[in-house]
Amino acid sequence: MLTTTTRPAGEDLVRLTGAGVYRDGRWLVRGVDLAVRRGEIVTLIGPNGSGKSTTAKTALGIVTPNEGKAERCPGLAVGYVPQKLSIDWTLPLTVERFLSLTGRISSRDTDRVLEATGIPHLRRAEMRNLSGGEFQRALLARAMARKPDLLVLDEPVQGVDFSGEVALYDLIRRIRDDIGCGILLISHDLHVVMAATDHVVCLNGHVCCQGAPTAVASSEAYKQLFGARADATLAVYEHNHDHTHLEDGRVLHADGSITTHCHPDDGHHHHDHDHHHHDHDHGAGGAAASPAGGRHA
Ligand SMILES: Nc1ncnc2c1ncn2[C@@H]1O[C@H](COP(=O)(O)OP(=O)(O)OP(=O)(O)O)[C@@H](O)[C@H]1O
């Protein structure tokens with residue numbers, strides 16, 4: 001079931017094999033195969049109640065599977081941002097104190113994680129006064145403080161507007177690059193997250209399909225699950241394939257013009273936003289990558 005195309009090589013930090021969770025007389029998820037490697041962002045998508053959080057908790061070891069296996073690297077350090085935190089947010093709590101609620105962190109590490117998440121100026125701010133985006137950054141900072149090998153983020157863009165989402169996913173990618181951890185991300189979002197991830201696992205009680213984002217976005221199983229929203233995601237990709245490389249090395253643009261080379265700022269390219277410059281893929285051997293290779297269950 002695991003597709004290996006375009007995935008970075010690296011050790012598996014966590015691996016679920018045929019994992020199933022049975023509670024209150026029913027299977028919440030079943031037959032889940034997935035792995036997160038160091039340096040990789042794996043995203044779980046799927047409708048409400050499809051088992052994304054259950055799968056993430058199984059990967060973390062919070063939930064024990066009733067069938068199949070959940071294996072983690074020995075000594076794996078994890079940072080977890082759950083969907084809900086049982087904290088009374090009306091009480092006064094500074095960002096600095098929030099970071100060390102579940103374990104003391106040094107002043108140096110506090111500086112480091114606040115700097116990395118772009119909120120050093122909010123060190124003494126009250127958690128209850130933070131904006132949606134600032135709040136999510138504080139959650140990320142706390143998860144980073146544990147120097148995790150694996151970061152598990154359950155809906156990290158809640159309460160954040162579109163440009164804030166883009167900035168947060170960009171931050172998540174930078175965290176991955178800086179600390180070289182693996183990231184398991186859960187998202188409702190389709191198009192933004194599809195652009196931000198290496199590998200997508202589409203859940204609906206079982207793994208519906210998984211693979212590179214482009215492959216998943218164009219798979220029938222994904223389209224059936226997300227209907228019209230899936231088409232919109234695909235449009236993002238098709239929209240981004242806005243030029244063709246001619247055999248003589250020149251570039252034919254979507255507007256019909258031909259130039260000797262292509263450059264993101266040459267006026268021939270349109271961007272959804274500043275961070276999404278994936279407007280063409282070069283596959284192995286120089287051929288343009290095609291959106292094939294998704295696997296269906
Ligand atoms: N501990 C539990 N005991 C019994 N049922 C549970 C438990 N945890 C979750 N469920 C049920 O399992 C199903 C999957 O829940 P889960 O939270 O994993 O879904 P999800 O895909 O993360 O959903 P959402 O997008 O709404 O957050 C739901 O129907 C939920 O009610």
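Asp154 is found in strand β6, which covers residues 150–154. Is this aspartate buried or exposed? Asp154 counts as buried because 20 other C-beta atoms lie within 10 Å, and 20 is the number at which a residue is called buried. Sequence separation is worth a look here too: Asp154 and Tyr80 are 74 residues apart along the chain, yet their C-alpha atoms are 8.0 Å apart in space.

Leu150 touches Leu13, Val14, Val36, Leu76, Val78, Cys181, Gly182 and Leu184, not counting residues up to four places away in sequence. The largest nonpolar core has 69 residues, and Leu150 is among those with the most contacts inside it, along with Ala141, Leu184 and Cys202. Which helix gives the most to this core? That is helix α4, residues 132–144, with seven residues. In soluble globular proteins, nonpolar side chains tend to be buried together.

Twelve of the 13 are buried, so α4 is largely enclosed by the rest of the structure. The buried set includes Phe135, Leu139, Leu140, Ala141 and Met144, but also Glu134, Gln136, Arg137 and Arg142. What covers these buried residues includes strands β5 (78–81) and β6, together with helices α2 (95–99), α3 (107–116) and α5 (162–179).

One of those covering elements, α5, has 18 residues and reaches 26 Å end to end between C-alpha atoms, close to the 26 Å expected at 1.5 Å a residue. Its buried residues are Glu165, Val166, Leu168, Tyr169, Ile172 and Ile175. After α5 comes Gly180, whose phi is positive, near 65°.

Now step back to the chain as a whole. There are eight helices and 13 strands, and buried residues make up 38% of the 297 residues. Among contacts between residues at least 6 apart in sequence, 67% join residues at least 24 apart.

How far can you trust the details? The mean pLDDT of the chain is 78, and 72% of its residues reach 70 or more. Over residues 262–266 the pLDDT is below 50, and this stretch has six contacts in the model beyond near neighbours in sequence. Residues 268–297 also have pLDDT below 50, with 61 such contacts in the model. Where pLDDT is low, the predicted coordinates should not be read in detail. For the model overall, the scores are ipTM 0.97 and pTM 0.75.

Methods. Residues numbered from 1 in each chain as written. Predicted model: local features only at pLDDT ≥ 70, side-chain atom pairs only at ≥ 80, totals over all residues. Core = buried A, V, L, I, M, F, W, Y, C linked by C-beta atoms within 7 Å. Helix = DSSP H or I, 4+ residues; strand = E, 2+ residues; numbered from the N terminus. Contact = placed C-beta atoms within 7 Å. pLDDT = per-residue confidence, 0-100. Expected span 1.5 Å × (residues − 1).
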